[in-house]
Amino acid sequence: MSAGNNHDEILLHRHPANPILTSRDWPYSINSVFNAGATLLEDGTTLLLCRVEDRRGLSHLCAARSANGVDGWQIDPEPTLMPNPEEYPEELWGIEDPRLTYVPELRQYAVVYTSYSRGGPGVSLALTKDFRSFERYGVIASPDDKDAALLPHKIEGRWALIHRPMTVLGAHIWISYSPDLRHWGSHKVMLEARRGAWWDANKIGLSSPPIETAGGWLVLYHGVRQTPSGSLYRLGLALFDLHEPEKCLLRGDSWIFRAEADYERDGDVHDVVFPCGYTMGTDGDTLNIYYGAADSCIGLAHGSIRCLLAWLDANGSCERRRRAQDL
Ligand code: BMA
C-alpha cells in the first residue's frame, strides 16, 4: 500500500434522512423498492427510476420525482415501466436495476436495465424523452449479462456500453461498441475481478453510470465477497481513459463504502449497498449517489468528485502494473 494512505477517510457520506424511500412510501402494494437509476430533469427535478419488487417476487420500474432529491417524492401512482413478456419474452421474470444516461445527441434518456429471462439475466435498452412513454430496443446483450450502462456520447463514432457478462473465468466488467445501439461488437474487458481473498474477488459489476471528468471516466463499481454467511457487496473506484475507456488508468485497492447502517445490513438480502445512479450538484463537484440498501429500500450518500479523484491518485495503482503481477 502506498505511504500517506488515509485508511479511514470517509468518501461517501450517508444522508441523515436515510433511507429516503421505502415500501411504506409506495402508493400501491409492493414488497420492496431498491436499486434506482437517477437523473436530473431539465427543470432541476431529481427523477429516480426505482426497481420495485412486487409481492409475487417480480420487479418492474417506477418513477419517483423530487424537487430537492431528498424528500417530497411524487411517486407514479402505477408502475411506470412493466415487463412485457408477450412482446419481449426476455422480460418474463421482471425488469431490474435500471441505469439512466441522458444522451444529448438523441435528446433522450437511455434506460439500460436487466431483463430476467428463462435463460438468466440479460441487458435491455429503452429510450425515453419523459419517463412516461418508452421505445424498447429489446435485448442488447444476451444472458448471462447485467450491470450495464450506456456512455452519454459516442467514442470515436461508436456508442459504448459497459456491462458484466459471466464467463468461466469470472464476472468481469466489459465494454462493447455499436454504430446504431442495436448491433454490438468490439467487446473488450475493462476491469477484472481480483482473485483469492480480495474484497472484489471473482465478481464485480458497474454501479452507477461512469462519471465523465477531465481526468477520465470515474467508475464506481461493486465487488462481491462470498463468505460462509452470505455475500458482501462493497464499492470501489477506478479511473478509465476518456478516449479509450477500456484502458484503466487507476484502480483503488481498498473498498470505499460498505453496508454499515441497520437498513443496509438488514433486509431481504443482508449487507448490500448497490448504487445504480447519481445526480451532480450545481457546483459540478458534489455527487448524490442513490443506492439500494439490503434489497429493501433506497439510501442517498454524498461525495465529492475532487475528493474521489484525489483518493484514487493517492491510493490507486496503474492496472498495467497490476496485471503484470497477476492482479
Ligand atoms: C445482484 C443484483 C442486484 C441485487 C444484488 C444483491 O446480483 O441482482 O439486483 O441487489 O445482487 O442481491
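Does N202 count as buried, partly exposed or exposed, and at what relative accessibility? I took this as my opening entry and found that N202 counts as partly exposed, because its relative accessibility is 47%. I note that the model is a predicted one.

**Entry 1: asparagines with positive phi**

I placed N202 in the loop between β14 (185-191) and β15. Its phi is positive, about 75 degrees, although N202 is not a glycine. I then turned to N35, also a residue other than glycine, whose phi is positive and near 25 degrees. N35 belongs to strand β2. With a relative accessibility of 2%, N35 counts as buried, since buried means under 20%.

**Entry 2: the sheet that contains β2**

I followed β2 into an open sheet of four strands, ordered β2-β3-β4-β5 and paired in the antiparallel sense. β2 and β5 (74-75) are at the edges with a single partner strand each, so one side of each has no neighbour in the sheet. Within this sheet I looked up strand β3 (residues 46-53) and strand β4 (residues 59-66), which are antiparallel and joined by eight bridges. C50 has C62 in β4 as its bridge partner.

**Entry 3: cis peptide bonds**

I recorded a cis peptide bond between N18 and P19, with omega about -10 degrees. P19 sits in the loop between β1 (13-14) and β2. I recorded another cis bond from P143 to D144, where omega is near 0 degrees. D144 is in the loop between β9 (134-141) and β10 (145-150).

**Entry 4: strand β17 and its partners**

How many residues of strand β17 are buried? I found nine of the twelve in this strand (residues 216-227) to be buried, and the strand is thus mostly covered. I next listed its pairings. Strand β15 (residues 204-206) runs antiparallel to β17 and is joined to it by three bridges; G205 has H222 of β17 as its bridge partner. β16 is likewise antiparallel to β17, with three bridges, and E212 is partnered by W217 in β17. With strand β18 (residues 230-240), β17 pairs antiparallel over eleven bridges, and V224 is opposite Y233 of β18. β17 and β18 also form a hairpin, with two residues between them.

**Entry 5: nonpolar cores**

I looked up the largest nonpolar core, which has 26 residues; L12, L218, L237, I256, F257 and L308 touch the most other members. The elements giving two or more residues to this core are β17, β18, β20, β21 (286-293), β22 (297-304) and α2 (305-315). I256 has contacts beyond four places in sequence with L11, L12, L220, L235, G236, L237, L308 and W311. Apart from this core I found another, of 20 residues, including A149, I155, I173 and A238.

**Entry 6: the largest pocket**

I noted a volume of about 620 Å³ for the largest pocket. Its lining has 25 residues, of which T39, L40, T101, Y102 and Y109 are the closest to the centre. Two or more lining residues come from each of β2 (32-40), β6 (95-103), β7 (108-117), β16 (211-213) and β20 (273-280). Which element gives the most to this lining? I found that β20 does, with four residues. By class, I recorded 15 nonpolar, five polar and five charged residues in the lining.

Conventions: Residues numbered from 1 in each chain as written. Predicted model: local features only at pLDDT ≥ 70, side-chain atom pairs only at ≥ 80, totals over all residues. Heavy atoms only, no water. 1 Å grid on protein atoms, 1.4 Å probe; cavity = no way out; pocket = protein on both sides within 12 Å on 5 of 7 lines; lining within 4 Å. Points joined across faces, edges and corners; volume = space filled by probe spheres on them. Nonpolar A, V, L, I, M, F, W, Y, C, P; charged D, E, K, R; others polar. Buried < 20%, exposed > 50% of the residue type's maximum accessible area, 1.4 Å probe, protein only. Pairing = 2+ DSSP bridges. Core = buried A, V, L, I, M, F, W, Y, C linked by side-chain atoms within 4.5 Å. Contact = heavy atoms within 4.5 Å.
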